[in-house]
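Open the model in your viewer and keep the selection tool ready. This tour moves from aromatic rings to a helix and then a loop.

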Amino acid sequence: MEPPRRGHPWWSGRNPLVWLRDWVRSTPGTHIWLLVIGVTSLVIASASEGLEQFLVHRTSSNIHELNEHPLPSLLISGFWIERPASFLLYVVMFELLHANVERWVGTWRWLLTVGGAHIAATLASQELVLLAIEGHRLPRSMTHVVDIGVSYGLAAAAGLLTYRLLPPWRYGYLVAVLVFFGIPLTTGATFTDFGHAIALTMGFAAWPLTPAAAAGAVEEEAEGGP
């Protein structure tokens, strides 16, 4: 395939269907994840109220489920959303954040970043809930709180995407991300807001996994050579 001409977008002049196929093929992790979320959203949307409540609580990574089924709850909770009506919004967010990050750093580095952030943010936020329960600041019923969704992974992807943008766009984007996640954290933060802050920080910390970091290391080695 002939490479795009210099100065034109990489999709310029391409058949939209071919572009869409290549986009999906270049970001398999993002679109497999979206497909699973679409299926689970249909399950919740078609379930009775009782079954819906059972599924939402059974697939949560709350204190109770983490104690009873630690590994399954950490994994499964990342494939459900509480409100199926929000699915289209998640499609847009996945395409803007996850797909661009996965295409840039590669599927395995993307998965390491967002998967690690999901696990770390979940465990840390539920530990915060546990400490609040033990300190009598939250009721014991919070051990069964609903904690499902994909927002921790999205926060990590949002952090890592910062390095994909060039100045001055990078700085405006960074301010917007910090404001978006920072305001809830400083105005009556919940355990979820705390988890978002951890996931975002892990996204920022994943700079060494980016192609830009690898290119910088190569340049330093070349400059330091004989």
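Select Trp33, Phe79, Phe94 and Trp110: ring pairs link them into a cluster. Rings of Phe, Tyr and Trp (its six-membered ring) pair if their centres lie within 6.5 Å; planes under 30 degrees apart are stacked, over 60 edge-to-face, the rest tilted. The model is predicted: local features need pLDDT of at least 70, side-chain atom pairs count only at pLDDT 80 or more, and totals for chains, interfaces and linings use all residues. Residues are numbered from 1 along each chain as its sequence is written, and side-chain values use heavy atoms, without hydrogens and water.

The whole structure holds six aromatic pairs. One of them is Trp19 with Trp23, stacked at 5.8 Å centre to centre with 10° between the planes. Both sit in helix H1 (residues 16-26), four residues apart, so about one helical turn separates them. Helices are DSSP runs (H or I, at least four residues), numbered from the N terminus. Trp19 is partly exposed at 26% relative accessibility; Trp23 is buried at 9%. Buried means under 20% relative accessible area, exposed over 50%, partly exposed in between (1.4 Å probe, protein chains only).

Next, select helix H10, residues 191-205. Its buried residues include Phe191, His196 and Leu200. What covers the buried residues of H10? Helices H7 (107-134), H8 (151-161) and H9 (169-186) are among the cover.

Finish at Thr143, in the loop between H7 and H8. Thr143 is buried, at 13% relative accessible area. Leaving aside neighbours within four places in sequence, Thr143 contacts Asn62, Ile63, His64 and Ile133. Contact means heavy atoms within 4.5 Å.

Methods
Helix = DSSP H or I, 4+ residues; strand = E, 2+ residues; numbered from the N terminus. Expected span 1.5 Å × (residues − 1).
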